[in-house]
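Me: I would like to learn how to read surface and ring features in a model. Can you take me through one, step by step?

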Amino acid sequence: MEHITLLLGIVIVTALVFDFTNGFHDTANAMATTISTGAMRPKAAVAMSAVLNLVGAFLSVEVAKTISGGLINEDGLKTEVIFAALVGAILWNLLTWLVGLPSSSSHALFGGLIGAAVMSAGWSSVNGGTVVTKVLLPALAAPIVAGLAAMLATRLTFRINRNVDEKSTAKGYRAGQIASAGLVSLAHGTNDAQKTMGVITLALVTGGVLAPGSNPPLWVIVSAGVAIALGTYLGGWRIIRTMGKGLTDLTPPQGFAAQTSAATVILASSHLGFSLSTTQSCSGAVMGAGLGRKGGVVRWSTATRMFVAWGLTLPAAALVGAAAELLTKQGDWGVAATAVLLVGGSFAIWLRSRRSPVTHDNVNDVEPVQDEPAGVVTQAMASVAPPPTGAAVASDGATVPASGDRDDDGPAGGSPLPSIPAQPGDRSAAAEPARPARV
């Protein structure tokens, strides 16, 4: 570390700041459903997630190697480019946190890197094949795969427990949620902490401290793990509210299915070196779990806003990164001006967030809203859900459960309504005696 210059030190600190924002921005990925269903108290949930994020940072370096040696060509790359890229990623993270949208911190980082590199050295500085195969394709596949897995797991869960009282299984599923949330946190640390490791390693390579193709040093792994763990403990309560209550209403079985499916997808991608978006995986799993429950409704207005944020993340961060690189190319005063703009913009976003703070005390205090009418996707999912065994079909096409039958997702879905005895003085038609006809 004795060869680290002042500029390289600034870049490393900025990368750790991004890692910190990644932690509190993406805490919702692991803990939103666990908090919203009451399986864990908010502060205990984020504390557990922070510890497991730190542990996960030590499990693999495959994603870090993808970023440090695959996404951007290292030849001729300047340290200022990485600083500019981090500026774009941090500002986009903070902006989407302010509005409570679970966008991808990974794609913000990739967008910033691509925009800054192109502004510095042209399109030849970006490895297009790596971007397509290890960034764009996983971005498209992750929410779909995780969503389908969560939907199937939810239906299987309710099918297995259709003859079991829901209250008797709720405690077990809450315990399962805690375990699956821990698995997601471990996966998040394994995948997302490595992105900062990769960026710092790339900066060390451009600064001549490490040889090209080197693995992250131990101090880089430790510092990245600690930074993301601290950010996770702080808790991104705004995004936790959106993920836990804004997309759909989940029961403990649905939360367990969503988290298990997302963790499986994330861990598999980390093993393969795919720099996957944990945000998109977990969001897709939550929506899949919502659709997997018969009668469940996804709030598509919130989902649409989230999809728009996903689509804007790469280009928006790229534009900010390119603008920051244009400024840093002017010399030392440009680097200083970029740093001032980063600090000023971050402080302004924080001040704006104080007007309507969201904390662990009010994260679940969502104003009751009427569920949106079922959209095309929800209706399509409901149409292929098999009716309960022994259900009859009414004249209007509605499914009427037979006596003693149960719906897939509730303990009393098919229980017949009890008869109500007539009360004294009741003048209903059933209680009145028959009257003779008058001619």
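Reply: Begin with the surface. This is a predicted model. Its chain exposes about 19500 Å², and carbon and sulfur atoms supply 66% of that area.

Me: What percentage of the residues count as buried?

Reply: The figure is 51% of the 439 residues. The chain has 14 helices and two strands.

Me: How much of the contact set comes from residues 24 or more positions apart?

Reply: Take the contacts in the chain with a separation of 6 or more: residues 24 or more positions apart account for 83% of them.

Me: Show me one residue. Is Thr-157 buried or exposed?

Reply: Thr-157 is buried, because its relative accessibility is 12% and the cut-off for buried is under 20%. Thr-157 belongs to helix α6, residues 128-160. Set aside the neighbours within four places in sequence, and Thr-157 is in contact with Tyr-173 and Pro-253.

Me: Now the aromatic rings. How is a pair described?

Reply: Two values describe a pair of aromatic rings: the distance of the centres and the angle of the planes. Here the count comes to three aromatic pairs. One of them is Phe-347 with Trp-350: the centres are 6.0 Å apart and the planes are at 25 degrees, so this pair is stacked. The cut-offs behind that call are centres within 6.5 Å and planes under 30 degrees apart.

Me: Where do Phe-347 and Trp-350 sit in the chain?

Reply: Both are in helix α13, residues 332-353. They are three residues apart there, so about one helical turn separates them. Phe-347 counts as partly exposed, at 48% relative accessibility. Trp-350 is partly exposed too, at 43%.

Me: Which charged residue sits over the ring of Tyr-233?

Reply: Lys-43. Its charged end is 4.5 Å from the centre of the Tyr-233 ring. There is also an arginine case: Arg-238 lies over the face of Trp-97, 5.5 Å from the ring centre.

Me: Back to the surface. Which residues form a nonpolar patch?

Reply: Phe-58, Leu-218, Val-222, Val-226 and Leu-230 form one, with about 450 Å² of accessible area together. Look at Phe-58. It lies in the loop between α2 (42-56) and α3 (62-71).

Me: Why does Phe-58 count as partly exposed?

Reply: Because its relative accessible area is 43%. Partly exposed lies between the buried cut-off, under 20%, and the exposed one, over 50%.

Terms used: Residues are numbered from 1 along each chain as its sequence is written. This is a predicted model: local features need pLDDT of at least 70, side-chain atom pairs count only at pLDDT 80 or more; totals for chains, interfaces and linings use all residues. Side-chain values use heavy atoms; hydrogens and water are left out. Rings of Phe, Tyr and Trp (its six-membered ring) pair if their centres lie within 6.5 Å; planes under 30 degrees apart count as stacked, over 60 as edge-to-face and the rest as tilted. Helices (H or I, at least four residues) and strands (E, at least two) are DSSP runs, numbered from the N terminus. Buried means under 20% relative accessible area, exposed over 50%, partly exposed in between (1.4 Å probe, protein chains only). A charge sits over a ring if NZ of Lys or CZ of Arg is within 6 Å of the ring centre and within 35 degrees of the ring normal. Patches are made of residues with over 30% relative accessible area and no salt bridge: like charges are joined within 9 Å, nonpolar side chains (Val, Leu, Ile, Met, Phe, Trp, Tyr) within 5 Å. Accessible areas come from the Shrake-Rupley method with a 1.4 Å probe; for residues, only the protein chains shown count as cover. A salt bridge is a side-chain nitrogen of Lys or Arg within 4 Å of a carboxyl oxygen of Asp or Glu. Contact means heavy atoms within 4.5 Å.
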